[in-house]
Amino acid sequence: MEQIIVNGLFLGASYALIALGLTLIFSLMNVLNFAHGQMYVIGGFITYTVVAQFHLPFVVGLICSAVALAALGAFVERFLFAPVIRRSKREESTMLLAAGIAFFLDAVTLLVFGEKQRGIPKLVPGVFNWDFRIVMPYDRILIGVLAVALIVAFILFMRQSRTGRAMRALAQDRMAAELMGVDVARYSMIGFALGAMLAGLVGGLLVSIVGVNLGMGGPTSIKAFLMIMIGGAGVISGAIAGGFLLGMLESVGLSLLAAYGDITYLVIFASLMIFLAFRPQGLMGKPWG
Amino acid sequence: MIRALSVAAFLLALYIGVPGLIALTGRWDFYYTLTSVALLSIGSAGVWLTFYIGRINIGQGAYALAGGYVAAILITKAGINFWATLPLAGLFCAGLAVLIGLPILRLRGVYFSMVTLVLTEVARLSALALPITNGARGITSIPLPGEVSVFGLTLIPDFARLENPKLAFYLMAVTLMCLAYLVLWRLTRSRLGHLFRSLQQNEDLAASIGVNIALLRVLAYAISSFMGGIAGAGFVVISQSIYPSSFQVADSVNFMLNCFLGGLGFVFGPMLGTLVLYFGWSLLFAAAKYQMLIYSTLLIAAMLVVPNGLLSLPAMLRGKGGK
């Protein structure tokens, strides 16, 4: 049992980071970033390239992933999403754009990094073993701690910094924020860059544990959608709650339902439907207004 | 008058023009492509209807898969004629849509889209896990559609005994497509269409003046899923097989993209969108490994140039000329 909880916490910490990026982008621009999973994959491949091919330290790889993805996010917002939002009659048009970008990033990843499964050597050798009740490799513990640290840093940044405050204002009421003199275009771009950067960072962190391959993008996006539906879209606490909950459910489901075949996600989805029937806005989400 | 003529010209091209051209050029492979386009555009028509009530449906793949499996199981296990399973597949999907739709249609905007997207993935997982679907091996060697006759008079011949089943499949798919769009077109011009539009504009306002929004949105979703089921069942019988991977998340997204590309404000938008996207993808096959790159670049470009769909192009050009 202890083992299941620890596994769930580890999964949850990395899931929550992915969900945070997605929910940030959603709250600022009302855009559902289909390409979030693809950004995660690209982040993973960049860290792999830096660490395994250029033989640089893991931290350098992480920084490269973060910077590259932030630049990508800023570019995508400025030159693709902003013009389409301005010109389209229906705001849903951004979905076509987001899906197009997801396909595009998949294609670029295939051409640049190939279709093989990639991974990097273990960061720390050894396995933590507490009386065979909890068995956890040290590198997983390290990554889990790093993920939690990043979540805390992100929350502090959103609460304390001027940029974070501007973005929270923007998420609350775009028009009011604009009237109060917040540079909406600038902070939308920063927010998108930050969201993409988080996706890339998680990709970089997890490449040392689960590796990375081309096909991971779509399923990762779907998991991220699940998390923010559980927690409530556009709410930071909701993304964290959703991430940890999904991680825990997956961990429990995999060990309890293993006898019945691969039905964990089926059960999770069925429960989600029932849950949403009672609480359509998720755990922490605001009711429609 | 002009409308009647253009409809007649369209039908003439579909039923006589295309088969004639194919016979002349000998490109028999086009039949399969065009049959696929016709069937997929039925699914897209369903997605368009959910757009019409203001919802973004990225779950059509789930219903296409469900419809396909219903048809496949009824044909192979119960020995029912394909022509009888076709409406049954549609009805099964419509019933499923009512069950699933009642809770999830309370969600709005992006929330609804996310649930429907997850639904596609869940459909694939169910197909893998349920005992009746035969798991990852799928259901294969499904027989061709049998004969339909009334009092000894053959209405639809047995496809297995036909000289050219490809043409027969093409005619079947095109007929189904015409029926689906006729229903859609009639629907948008009816009282029900007005009510659906009121949901698209403002659900709360519609509810406040006595429109039963809960009933209407489930109805629209059920019709939409019915079309998805028909498309799936049609696909099963032309490919004579179905696997859990026959309709995936990418297919659901494509159904949605078809509608966007054609134009959400036009009934025939999804048909054009399906044709352009499917043919575009096939034509780019020559580009080999750059196929996906070019395709997605074109999609993004289309979004930047014509954000309201291809059919909005004439109005856009006229608008520019007038200024």
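A crossing of two helices is called left-handed if the near helix is turned anticlockwise from the far one by less than a right angle. In this predicted model, the crossing of H1(A) with H5(A) is of the left-handed kind. Helix H1 of chain A covers residues 2-29 and helix H5 of chain A covers residues 138-160; the two pack at an angle of about 35°, and their axes lie 9 Å apart. On the H1(A) side, the contact is formed by A:Leu9, A:Phe10, A:Ala13, A:Ser14, A:Ala16, A:Leu17 and A:Leu20, while H5(A) brings A:Arg140, A:Gly144, A:Ala147, A:Val148, A:Leu150, A:Ile151 and A:Phe154. Sorted by class, this contact holds 11 nonpolar, two polar and one charged residues.

Turning to chain B, its secondary structure comprises 13 helices and two strands. The C-alpha atoms of chain B occupy a box of roughly 60 × 50 × 45 Å along the principal axes. The radius of gyration of chain B is 20 Å, which agrees with a compact globule, because a globule of 323 residues would have a value near 20 Å. Of these 323 residues, 46% count as buried. Among the contacts in chain B that link residues at least 6 apart in sequence, 75% join residues at least 24 apart.

The two chains also meet each other: 41 residues of chain A are in contact with 36 residues of chain B. On the chain A side, helices H3 (58-87), H4 (93-113), H9 (217-231) and H11 (264-278) each supply at least two residues. H4(A) gives the most, with 14 residues. By class, the chain A side that touches chain B has 30 nonpolar, five polar and six charged residues.

Conventions
Residues are numbered from 1 along each chain as its sequence is written. Chains are lettered from A and ligands numbered from 1 in the order in which they are written. This is a predicted model: local features need pLDDT of at least 70, side-chain atom pairs count only at pLDDT 80 or more; totals for chains, interfaces and linings use all residues. Axes are lines fitted to C-alpha atoms, for helices over the stretch in contact, and angles run from 0 to 180 degrees between N-to-C directions. Helices (H or I, at least four residues) and strands (E, at least two) are DSSP runs, numbered from the N terminus. Two residues are in contact if their C-beta atoms, placed from the backbone, lie within 7 Å. Ala, Val, Leu, Ile, Met, Phe, Trp, Tyr, Cys and Pro count as nonpolar, Asp, Glu, Lys and Arg as charged, and the others, Gly among them, as polar. The radius of gyration is taken over C-alpha atoms; the globule rule is 2.2 Å times the number of residues to the power 0.38. A residue is buried if 20 or more other C-beta atoms lie within 10 Å of its own, exposed if 12 or fewer, and partly exposed in between; C-beta atoms are placed from the backbone.
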